[in-house]
Amino acid sequence: MFKRKGFLVSLLILLGILLAACTSEGENDNSDSQNEGADDQEAAEDVEQVLKIANDQEPAGLDPHKTPAHSSVRIYSQVYSGLVTFDENMEVVPDLAEEWNQPDDSTYVFTLREGVQFHNGNEVTAEDVKYSFERILDEETASHIASYFSNVESIEVVGDYEVQFNLSNPDATFLSNLTNASAAIVDQEVVEENGDLQQVAVGTGPFKFEEWVADNRVNLVKNEDYFIEGQPKLDEVIYYTMKEESARLSAIRTGEVDLTTLTAQSADLISNEEEIDVKDYQSLEYSYVGFNVNSEPLDDPKVRQALSLATDRQAITDIVWNGDAVVSGPVAPSMGDWSIDVESHELYQNDIEQAKALLEEAGYADGFDITITTASTYDDMVDTAQLLQQQWEEIGVSAEIKQIEWGEYIDTWSNTSADVLIGRNGSGTDPDRALNYFFHTDGSANVWGFTNSEYDSLVEEGKVTVDQGERQEIYNEAQNLLLDLSPNLFLVSPMKYVAVRDSVVDFVPYPHDGEDIVEVSKQ
Amino acid sequence: MYAYIIRRLLMLVPVLFGVSVVIFFTLRIIPGDVAQTILGTDATKESLAQLRKDFGLDRPVIEQYITWMSGVLMGDFGESMTTGREVLPDILNRFKITFELTILSAILSWIIAIPLGVIAGIKRNTKTDFTVRIVSLLGVSIPNFALATVLILILALTFSYSPPVGYVGFFEDPIRNLQIMLLPSIVLGTAMAGAVMRMTRSSILEILRQDFIRTIRAKGAKERLVIFNHALRNAMIPILTIIGMQIGVLLGGTVIIEQIFSLPGLGQLVLTSINQRDFTVIQGAILFIAFVFVLVNLLVDILYSYLDPRITYK
Amino acid sequence: MKPLLNIENLSINYMTNKKDFNIVKDVNIKIDERMKYGIVGESGSGKSLTSLAIMNLLPEVLKIQEGSIELNTDSTKDLANISKKEMRKVRGREISMIFQEPMTALDPLYTIEYQLLEVLKIHKTYSKKEMYKIGVDMLKKVGIARPDQVMKDYPHQLSGGMRQRVMIAMALICQPKLLIADEPTTALDVTIQAQILDLMNELSDLHNTAILMITHDLGVILETCERVAVMYAGQIVEESTVEKIFEEPAHPYTKGLLSSIRSLGNKSEELYSIPGNVPTPDQYQELGCRFATRCPYAMDQCFNQEPLMYQVQDDHLSKCWLHVEEGRANERSSERTRS
Amino acid sequence: MKVFVQRLIDDKVGLFGLIGILLVVLLALLAPLIAPYKPDTMFTEHVLEGPSSQFLFGTDEFGRDIFSRIIYGAQVSLQVGLIAVGIGAIGGLILGLISGYFQGKVDQVIMRVMDVFFAFPDILLALTIIAVLGPNLTNTMIAIGIVFMPVFTRLVRSAVMTVKENEYITNAQAIGVRPSLIIVRHITPNIMAPFIVQITLALSGAILTEAALSFLGLGVQPPNPSWGVMLNDARTYMEFAPWTILFPAVAIVMTIFCFNLLGDSLRDLLDPKLKQ
């Protein structure tokens with residue numbers, strides 16, 4: 001009766017065609033690359049050297065001195081260089097600085113590579129280094145990384161390519177702090193033109209910043225004049241903001257993106273798919289339970305120890321991280337020799353009886369009520385909270401879970417307005433950060449109210465001890481002390497997963513740099 | 001008519017003023033601090049204080065409001081606290097996408113829902129009617145994030161299809177744009193279609209009982225003429241009401257779908273800014289959404305008078 | 001010569017999956033060309049349904065169970081058994097209809113022009129200009145002073161009387177052979193009622209259009225009609241010329257109707273004097289006379305056996321057992337009235 | 001009333017909806033009796049197992065029994081629906097009655113305030129309210145309630161304005177009956193029809209809104225099992241453990257479906273315009 005039926009049918013067909021068009025387009029891409037892959041390397045050069053990366057968060061800004069967010073770091077670290085960097089073994093190696101020497105324990109002199117240009121053509125000189133670090137240290141900049149360099153007293157330009165850092169006291173962490181992507185060398189001219197560097201990025205790195213379309217994508221293109229010969233191999237890198245895990249999963253499957261980070265569960269799903277390689281690496285992060293150590297009953301170390309004993313870290317590994325995580329102390333195991341073996345530690349044994357005994361000693365034989373606060377933004381934190389709730393129940397601690405969104409979470413963290421807070425820490429690249437920064441009485445990230453003079457003097461000593469072996473011993477002692485006092489419960493350090501299409505070659509993620517793409521090419 | 005529109009526009013003023021006050025002062029009560037969110041765990045007390053000072057957050061709240069409002073009145077919505085970008089151009093850019101998504105899903109739902117609603121109404125209490133009603137109700141009953149995720153998964157697994165990544169504007173590349181927008185529009189359209197279909201059906205039922213329909217049949221008119229020229233046109237008035245409401249809701253309510261499908265729309269902007277406590281962006285965006293919402297309502301009212309000669313505004 | 005409209009044995013049933021019962025039964029009506037015929041009865045008597053049956057506009061749940069509706073114009077058609085397509089050609093062109101409520105009988109969203117000319121568009125192939133002219137002429141004929149203005153108006157801008165005039169114009173614009181008027185004046189003021197009735201009379205004479213007047217108001221019948229059928233509870237109980245019905249009513253129901261008017265001395269909207277109510281279809285007796293429960297003359301027989309239609313005098317039928325007693329029973333169609 | 005119930009029973013569709021809702025209510029009330037396990041008991045040896053005789057609907061990522069969680073989830077989802085809509089409806093009723101009855105300045109003020117809230121996008125308004133109050137079950141319900149209030153206020157107001165025109169109200173006013181009495185005795189009963197219909201429809205809306213907030217991590221707090229939370233959590237596992245998403249989805253869809261069926265048929269029954 002209705003001709004509309006015909007109309008509807010044709011509409012459906014139209015939609016079908018549209019869908020089909022997209023699908024076949026994707027297939028063509030695949031068959032193209034397969035054919036070319038079958039030929040030898042000459043053909044490979046025909047492949048568009050464009051790497052598409054799914055970014056799980058929108059970059060918060062591009063200023064390396066102002067933005068610690070990982071979604072930003074992964075981008076600006078490709079655009080900027082620092083004085084020095086880590087190699088794959090986490091040894092400090094030259095970057096912009098060709099070489100350096102130490103006239104005394106608290107003085108460093110760096111010699112710069114000559115003829116390196118910023119992407120805008122300006123040459124990099126000692127003045128730029130001085131400017132960059134003064135910018136970091138300037139209160140007006142409100143740089144997150146200022147705390148790393150608080151003992152830099154002055155920076156002197158010795159020659160065009162020579163710059164000297166004068167420290168107030170010896171600092172064993174200084175060089176490794178310089179490898180931080182945020183310790184980037186920036187161009188004064190660009191800062192002055194734009195006010196800050198949140199929207200622009202002009203560095204000396206392997207890629208040049210081209211365009212940032214908010215909540216959509218960031219495009220980087222090859223820096224033809226990169227100071228390391230033969231790098232990078234890619235012509236273009238595009239970071240697409242894709243917050244939804246299922247969308248990233250679907251996009252890597254269909255080849256819409258070449259590279260993405262995934263959760264353990266999703267990584268498991270595609271590990272068998274032929275066209276996708278899942279690379280994993282032990283992260284430098286660990287999850288923890290933070291205690292407000294000035295609030296009853298958590299002010300009693302026995303209570304905190306009891307909670308540690310009541311915590312089954314293996315269950316957390318199995319359920320939250322799909323079995324792929326290792327138990328961790330305050331220094332993540334991927335830090336190698338710096339970290340101590342915690343597995344055998346007394347408080348890491350899931351011993352309910354012992355825990356109950358400790359609670360009784362502390363005067364809480366019947367347990368107590370407590371609220372566990374966690375960030376709704378991260379599923380792993382919420383899941384960890386739920387497991388702890390169950391586990392602690394066994395020693396009579398009845399917990400309620402409070403989920404808050406990220407903005408409030410950060411606030412809660414910094415004001416210690418929660419008694420028990422689930423979180424994740426990056427332990428940095430030097431144990432000083434993991435131990436001093438987070439737990440020294442004056443540590444800027446010590447929000448827990450934790451204070452112990454013995455511990456304080458240990459980490460202070462560690463910072464100024466230059467001998468590696470000695471330093472290691474000091475930190476071992478500090479870590480053991482920290483475990484005993486348990487201002488935080490250190491849980492596990494998860495694996496990280498990066499899924500890449502098999503058209504991407506030479507991609508190797510490292511704990512300290514999950515996304516090193518200078519050597520990467522596509523075939 | 002013009003006098004009416006002007007009066008209605010004037011009535012916007014107190015509403016928007018209310019919205020601005022509510023959002024501005026609510027934001028100042030919400031726990032959370034933009035400086036802390038930006039600087040994260042590495043921040044020092046000094047850098048936090050500096051940043052707060054930069055944003056003017058150290059001044060009295062009333063003063064902050066007056067500064068902001070006088071800027072807004074001059075068309076200056078300020079700069080984002082996190083990205084430093086101008087707020088208004090950002091909002092407008094994002095709005096384009098949300099608007100396109102809204103319109104596409106609305107159109108998609110109309111072409112499906114209105115004919116089905118008419119058919120169900122004409123064939124009341126037949127099997128066709130029941131089928132259409134049940135399907136449409138199911139459409140309304142599924143939480144859209146679940147529908148979206150399931151769709152994404154099924155399409156990826158069975159047709160190895162996923163929407164192209166990286167939004168492009170309609171005028172840059174219409175085909176790619178539509179490919180990107182298709183799935184999210186279908187998901188949003190599903191719920192909308194259900195509601196529109198139900199309203200169409202019940203309005204058609206009501207109109208078909210009216211005397212004038214008998215008059216038109218008595219003239220010897222074909223059933224098609226009766227349905228489309230008379231019944232449907234009369235039914236359009238209540239349908240329009242529900243469409244207007246939905247468009248209004250969608251303009252601010254596509255947050256979840258935008259997030260799942262990685263569309264850089266207004267909803268995402270607000271959500272991100274709420275998470276980051278980027279006050280200037282939240283304030284600006286909410287005010288803008290409210291403005292558009294009230295405008296859509298006004299537009300619907302004006303459309304009424306276009307569709308129904310009995311309604312005149314003075 | 002064949003009558004213009006010949007309804008024979010028309011029965012209408014209410015039919016759903018669950019229920020099936022009779023509503024209108026054995027209606028026989030003959031209307032000649034140019035004749036003005038009236039059907040009178042209380043609401044629920046089936047008079048309106050009879051008219052809707054002629055137009056094939058019965059609601060879905062109502063079905064013609066039996067009988068024929070023969071329309072003799074250029075050709076002969078049985079409207080009880082006709083395709084939808086054929087019927088559409090009849091509606092508006094050969095038979096048109098005016099409804100009770102001028103307030104709701106027009107589509108509120110279209111101008112008078114659109115709705116008036118819609119009929120022409122459906123059935124004729126005039127140019128726009130011609131159509132407009134015909135429309136304006138028609139509006140003039142129904143006594144509308146400023147037809148050009150009214151053409152542009154929407155229904156809600158017109159008074160009730162004006163709207164009914166528009167309805168008449170719409171009904172007559174294709175010069176149909178038969179105009180069915182279902183309570184055309186009930187919703188109008190008394191003064192306007194008379195004007196409208198006069199107008200209808202006048203125009204039907206002018207266009208040679210027969211009228212089927214459906215009303216509860218005997219006064220309207222007296223003013224307009226030549227013949228009349230009295231309906232009660234879905235059946236015709238008496239049929240004759242208007243004169244005979246008014247002067248020598250035969251059926252007790254008709255007598256009751258007439259006395260109720262006369263007792264009030266003027267036209268009445270309500271029929272007060274007959275005790276009881278019209279039965280609803282589900283109360284219809286299986287056997288016997290449907291009026292028996294309210295009839296002052298009811299006999300035992302009336303409750304057991306349905307009366308036949310008797311010819312009480314020349315050209316005058318009545319359906320009552322009394323006529324046998326009176327000896328005037330001259331059975332007209334016993335073979336049709338089954339009991 | 002009797003006629004009304006009879007008609008509802010005759011209307012099979014509405015009856016189906018009603019029975020479905022009663023079933024869910026029954027499930028919720030009898031949850032401790034029906035559910036084989038507690039909703040937060042973790043069987044860590046049985047993580048993500050498919051349906052079996054031990055776990056009727058399978059288990060989730062913590063090894064919790066999905067069947068039990070769905071039954072307890074009915075409690076949470078219904079509670080959210082009822083209380084949130086209760087807040088919105090009662091608030092809207094009071095404001096709408098005052099606004100519609102007294103009109104004038106009071107009306108202006110109330111309606112402008114409602115306009116302000118109406119102009120906020122639903123989800124974002126709820127999000128903001130929760131951000132201020134802090135996320136927990138109670139605040140979620142309050143937030144959804146506030147979001148719904150303007151709709152109820154407008155509905156009640158316009159219904160009151162229609163009813164007020166009736167003669168018996170004018171008469172009551174003329175003989176000096178107190179306004180409060182007129183509102184309670186005469187007006188309120190007469191606006192119940194559209195009000196009740198709106199409540200049924202809002203109930204399904206509230207459950208959906210809670211689900212949407214769960215997606216944003218601001219709905220019901222874990223380990224409480226609301227259907228929305230279950231649905232959202234299951235998205236990660238649905239590919240290799242489809243039962244984790246299937247059963248909560250069916251529960252939520254069927255419940256909302258039933259509310260809508262009931263709402264639709266109540267509207268048909270209570271709307272005089274649609275009477276046959």
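Strands, like helices, are DSSP runs numbered from the N terminus, a strand (E) having at least two residues and a helix (H or I) at least four; two strands count as paired if DSSP finds at least two bridges between them. The model discussed here is predicted, so to speak of local features a pLDDT of at least 70 is needed and side-chain atom pairs count only at pLDDT 80 or more, while totals for chains, interfaces and linings use all residues. Residues are numbered from 1 along each chain as its sequence is written, and chains are lettered from A, with ligands numbered from 1, in the order in which they are written.

In chain A, a hairpin of two residues links β6(A) to β7(A). Strand β6 (residues 152-159) of chain A runs antiparallel to β7(A), with six bridges between them. Strand β7 (residues 162-167) of chain A also pairs with strand β5 (residues 107-112) of chain A, again in the antiparallel sense, over five bridges.

Turning to chain D, UniProt (unreviewed entry) lists residues 74-263 as "domain: ABC transmembrane type-1"; UniProt positions follow the numbering used here, feature names are shortened, and annotations may be inferred rather than shown by experiment. Over residues 74-263 of chain D, the chain is 83% helix and 0% strand, and the end C-alpha atoms lie 19 Å apart.

As for confidence, pLDDT is the predictor's confidence in each residue, from 0 to 100. Chain D averages 86, and 94% of the residues score at least 70. Within chain D, the mean is highest in helix α4 (residues 66-102), at 92, and lowest in helix α1 (residues 2-10), at 66. Where pLDDT is low, the predicted coordinates should not be read in detail. For the complex, the predictor gives an ipTM of 0.79 and a pTM of 0.82.
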